[in-house]
Structure formats: C-alpha cells, structure tokens
Amino acid sequence: MSTQRTISFEDELLVVEQAEPTLARILSDRPRPASPVTMTLWMIAAKLACARFEAGDLQRLLGELASGLTEFSQQVDRDIAATLARDPACRDRVSVVLFYKGYLALQSYRLSHHLWQVGRSHLAHWLQSRSSEVFGVDIHPAAHLGSGIFIDHATSVVIGETTVVEDDVSILHEVTLGGTGKHGGDRHPKVQRGVMIGAGVKVLGNVVLGEYSKVGAGSVLLQSIPPHSTAVGVPARVVGNCSCGRPADEMDQWVEIEDEEDGSR
C-alpha cells in the first residue's frame, strides 16, 4: 500500500515560484528554506514596513518576539489549518500566508499581545495601529484570542480590549466585538469555543456567546446567548438551536427560525 508524501512548505513555495516568475521576483529575499512561521514573519514585516521602520529591521524585531512565544508555531499551524478547512477557495498553506490578510492580522495581533504582556505597551500599540492601517483589522493587543481562528475576508473587523475569543472560532468581515459607553473594566464580549459570527455582526458589551453557537449576518447582539443556539436580528434574539454541531467548522450561513408557537421551522 502506497503512502502519500507530505510536501514541505518550502516545496510548496518553490512550486509557486516556478509557476509564476513574477512572484518569484517579489519573493526573492524571502527566508530559505522557509517554514510557515518564518514566512509569516517575513510577510508581516514586508507589509507593515514604512519609511521610518524598514522591513529588515522590523523582521528582526518580529523574529525576536516570536522566539519568546513558545506556542506561536503551534498557533500559526492551527490558524492555517482552520483557514484551509473552512474556506473552499483556499488551496494550500502558501496561499494562506501570502494572501490572507485576516491570517496575517491575527499573527500581528499575537506579536503585539506579547509586547503588551511584557509591558511594552507603546510598541504594542504601534504594531496594532500599523496592522490596522494595512490589513483593515483592528485587534487591541490586550485582547485574549485562542488558536484555530479563521477571520474570513477580514475587512473592518474590530476586537476590543477586554474581549476573549476561545479556540476554533470563525469570524467574518465587518464584525465588531465592542464595548458600550465609556466606562472601564471588563466591558467586551466573551466568545466561547466553536462559535461562528456572521458578516456584519455587532456584539456589544460584556456578553457571552455560548460554545458552538451562531450569530446570523447583520445582527446586533446585546445580550448573552446559550451554547448551541442561533441568534439573529436587530436587536438579536435566540431563534432556535444551531442546526449544525460545529458551526465555526461548517461555515453554514443559513439561519433556521423556529415558529414560536409550535417549534416548527
């Protein structure tokens, strides 16, 4: 019985470069051999570099930060795997690292979060601000995000300071996980494992999205919802149980609304 050989990340890159000489020129000074981590850091540095912070200097800083994060490599692998599993348009790991701004913004957050945790808040804010300018994704460096997270399309995603997003969550574009008012303290949403948040959803305040729940596109959620539930509307309300067991994995945008009188759909 034959076994399938797993192609290395470097070999994936070489296939792309051989097929597209223009991309080979663009990637001419990339790490060799490249891994998902080293190529991710290279891409972030190339994207966020500016006149006063050149790509080489930024890449060295990001490399130093990543070396202090024992879980960074595992988080990178899980985020890439989540993207491949949940986006039918994605064909390989190289595409995630080269072209998916949601993925790159998420890894930029991980590095800024590390800076925040070690007391380098101003540099953390600079990295957050620059990432927001370039990727259109604004994640406060103090927020707590797990791994296996997929931010699809990613444009205009905002995640506030005291937000918690657990593992295996899917978030679509134009989602806000925000606070209300101007009071301090714990004021942002808590998103439990396996939740799917549809496009344009606004979740406001210190509310809990129970594990494996789903919020339909365009909803404004102002209160907590239980596990395995579906919420939709403005303001959002629970309209039934989630029709699939793992909504973040299945990415099913369809919302079934139960009849309030007889429970039919």
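Two strands count as paired here if DSSP finds at least two bridges between them. Helices (H or I, at least four residues) and strands (E, at least two) are DSSP runs, numbered from the N terminus. This is a predicted model, in which local features need pLDDT of at least 70 and side-chain atom pairs count only at pLDDT 80 or more, while totals for chains, interfaces and linings use all residues. Residues are numbered from 1 along each chain as its sequence is written, and side-chain values use heavy atoms, with hydrogens and water left out.

Let's start with the parallel sheet. Four strands make up this open sheet, running β2-β5-β8-β11. At its edges sit β2 (144–145) and β11 (208–209), each pairing on one side only. Strand β8 (residues 190–191) joins β11 in the parallel sense through two bridges, and V191 has L209 in β11 as its bridge partner.

Now for the mixed sheet. This one is also open, with six strands in the order β3-β6-β9-β12-β14-β15. Because β3 (150–151) and β15 (236–241) each have a single partner strand, one side of each is left without a neighbour in the sheet. Strand β14 (residues 229–233) runs antiparallel to β15, and the two share five bridges; look for T230 opposite G240 in β15.

Finally, take a look at K101, which lies in helix α7 (residues 101–117). Its relative accessibility is 30%, so K101 counts as partly exposed (that is, between buried, under 20% relative accessible area, and exposed, over 50%, with a 1.4 Å probe and protein chains only). Beyond its neighbours within four places in sequence, K101 is in contact (heavy atoms within 4.5 Å) with F135, H153, A154 and T155. K101 and T155 are 54 residues apart in sequence, yet their C-alpha atoms are 8.5 Å apart in space.
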